[in-house]
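Biologist: Before the individual features are discussed, may the sequence and the coordinates be displayed?

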Amino acid sequence: MAARIEVEDLRIDFPLYHGQSRSLKRSILAHATGKRRLQENEKHRLVVEALRAISFTLQPGERLALVGHNGAGKTTLLRALAGVYEPVAGSVRIQGSLNALLDPNQGMNPELTGRENVALRGRYHRMNREAVEALQEDVRSFAELGDFFDLPTRIYSSGMIIRLAFAMATAIRPQVLLMDEWFLAGDAAFREKARERLETMVRGADILVLSTHLNDIVRSWCTRVIWLEDGRVRMDGAVDEVMEVFAGKIDTPALFPEAVAS
Amino acid sequence: MIPAEADQGFAVDLRHGLGLRARNTMAFQDVVRGIGLWRLALMLSWLDIRLRYRGSVLGPFWLTLSTAVMVGALGFVYAYLFKTPIHTYLPFLALSLTLWSFLSSMVSDGSVVFTQAEGMIRSMRVPFSLYIYQLLARNVLIFAHNVIVIVVVFIAFDSPVSWSDFAAIPALVLWLIDGAAVALMLGAVCARFRDIPPIVSSVMQIAFYVSGIMFKPDMLGHRSIYLLYDPFYSIVEVLRAPLLGHLPSQMTYVSALGFSAVLCLLGWFVFLRVRHRIAFWV
């Protein structure tokens with residue numbers, strides 16, 4: 001089946017259950033008049049407008065970059081596409097097998113060894129024993145953890161964790177790939193190798209949705225850009241068109257930043 | 001690289017404004033897809049136990065040992081207090097306490113079943129029922145370790161084995177269904193209202209003392225009839241009585257099944273109403 005993503009008039013709100021007192025609500029609403037991302041919903045609850053009126057359709061072959069400042073709603077949109085957050089209004093439909101690389105520690109248990117964590121991930125993807133063994137072999141050879149692969153991940157350095165998480169997440173090749181920008185981070189020696197593997201994976205996927213603000217990556221990998229601002233689509237179009245306007249607004253185009261968001 | 005298994009149809013198909021019937025279908029799919037992940041549920045539950053006791057010499061058998069010590073200590077004191085012969089009281093107590101710890105840990109785990117899985121829930125779309133199955137499997141495994149105490153006590157006091165023991169099998173199935181219903185209900189409600197878990201634990205503590213766990217129901221004399229209004233009593237009794245060699249009364253069954261039906265309906269209703277909100281709450 002051909003992969004396809006359809007998003008229609010998507011809205012996501014985060015409820016703020018701890019800001020229910022009247023006076024607090026009033027003062028927050030009074031101060032939030034600028035951008036108005038804090039709103040009162042129909043039930044008079046305080047909510048953060050995470051996403052508003054998002055609509056787009058992706059066909060096979062399309063590679064979408066989500067750009068925007070911190071808090072613009074990029075990660076929330078990825079999570080909504082992955083089916084983690086269900087729409088508060090509108091709809092999300094995705095056809096084809098899906099893999100979402102959202103959280104580096106995605107279900108990793110620090111008490112388990114690297115090998116056991118890989119097995120666990122395989123089971124989440126409904127793999128049988130042989131497939132799990134193949135996955136372990138693939139991850140082991142790529143992550144280059146040596147003897148550490150059979151030790152609890154609790155004692156790994158942060159670089160090793162990233163390497164394991166990266167190898168694990170990129171070992172499963174889906175039709176629709178959703179990716180958050182932390183995947184572009186990693187230690188220097190690992191970068192080239194990681195990038196190569198990621199590119200293979202990206203090329204293998206029918207549809208890619210990538211959240212980033214790295215100009216270089218967007219230009220070399222993507223065919224379309226959606227610029228999010230305050231939870232709404234500010235601009236949607238071809239890479240050059242959007243990036244030209246957007247690039248004027250950002251100042252950190254560093255590729256593979258050393259710092260890794262945890 | 002290994003290609004991901006392609007699901008037939010939509011990998012994600014979510015919309016707002018579904019009616020009750022559509023939500024019911026989604027809740028049902030959640031439960032069915034969770035069953036498809038039974039290997040994972042078993043693996044996770046086994047890991048839960050193994051990790052809790054990683055590095056310990058006795059491992060999960062600490063559970064057995066502590067149950068044994070508790071049964072022994074309480075047994076001698078309370079047999080004297082209640083002026084009951086120890087050879088009938090101790091088997092009763094061993095069974096009662098083990099069953100109660102099975103039940104109460106299902107309830108207390110149930111109230112944190114979703115909040116504990118916060119990391120997974122937010123990073124991947126996995127059927128919520130998976131966490132319920134994990135909880136059931138874990139508690140059954142723990143119970144299995146405690147069964148040793150019951151067996152030893154029963155052999156030591158030469159308790160009779162009878163045909164009525166088979167009546168425990170449907171009762172155990174009822175327990176698992178009830179456990180799932182409690183977890184569906186409490187898991188969701190406790191994720192939203194963080195005041196509920198402490199309430200649950202104090203209710204459980206009171207229930208332990210009033211539900212005929214430490215004392216035999218017939219010690220209440222003609223007042224034991226009131227125990228039938230206590231869901232904890234009747235649900236424990238349908239599993240306990242057969243193992244002690246007599247079938248529970250008809251009214252006990254009526255009470256246990258009635259409370260279970262209410263519980264299941266309530267659990268299902270809560271789950272189908274709030275399933276789509278759980279990710280926002282944890």
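Biologist: What pLDDT does chain B average?

Modeller: This is a predicted model, and the predictor gives the complex an ipTM of 0.81 and a pTM of 0.87. In chain B, 96% of the residues score at least 70. The average pLDDT of chain B is 90.

Biologist: Which element gives the largest share of the side of chain B that touches chain A?

Modeller: The contact involves 31 residues of chain B and 43 residues of chain A. Two or more residues of the chain B side come from each of strand S1 (2-3), strand S2 (10-15), helix H2 (38-52), helix H5 (118-123) and helix H11 (278-281) of chain B. The largest share, six residues, is given by S2(B).

Biologist: How many residues of the side of chain B that touches chain A are nonpolar?

Modeller: By class, this side has four polar and eight charged residues. The nonpolar residues there number 19.

Biologist: Is helix H4 of chain B mostly covered or mostly uncovered, and how many of its residues are buried?

Modeller: Helix H4 of chain B covers residues 86-111 and reaches 36 Å from its first C-alpha to its last, close to the 38 Å expected at 1.5 Å a residue. A residue is buried if 20 or more other C-beta atoms lie within 10 Å of its own. By that criterion H4(B) is mostly covered, and the number of its 26 residues that are buried is 19.

Biologist: Which residues touch the most other members of the largest nonpolar core?

Modeller: In soluble globular proteins, nonpolar side chains tend to be buried together. The largest nonpolar core here has 145 residues. One of the residues asked for, Phe114(B), is in contact with Ile121(B), Phe128(B), Tyr131(B), Gly187(B), Ala188(B), Ala191(B), Ile278(B) and Val282(B), its neighbours within four places in sequence being left aside. The residues that touch the most other members are Leu81(A), Val176(A), Leu178(A) and Phe114(B).

Biologist: Where is Asp9(A) found, and is Asp9(A) buried or partly exposed?

Modeller: Most residues other than glycine have a negative phi. Asp9(A), although not a glycine, has a positive phi of about 50°. Asp9(A) belongs to strand S1 (residues 4-15) of chain A. Because 14 other C-beta atoms lie within 10 Å, Asp9(A) is partly exposed.

Biologist: In which loop is Asp230(A) found?

Modeller: Asp230(A) also is not a glycine and has a positive phi of about 50°. With 17 other C-beta atoms within 10 Å, Asp230(A) is partly exposed. Its location is the loop between strand S10 (224-229) and strand S11 (232-238) of chain A.

Technical notes
Residues numbered from 1 in each chain as written. Chains lettered and ligands numbered in written order. Predicted model: local features only at pLDDT ≥ 70, side-chain atom pairs only at ≥ 80, totals over all residues. Core = buried A, V, L, I, M, F, W, Y, C linked by C-beta atoms within 7 Å. Buried ≥ 20, exposed ≤ 12 C-beta atoms within 10 Å, placed from the backbone. Contact = placed C-beta atoms within 7 Å. Helix = DSSP H or I, 4+ residues; strand = E, 2+ residues; numbered from the N terminus. Nonpolar A, V, L, I, M, F, W, Y, C, P; charged D, E, K, R; others polar. Expected span 1.5 Å × (residues − 1). pLDDT = per-residue confidence, 0-100.
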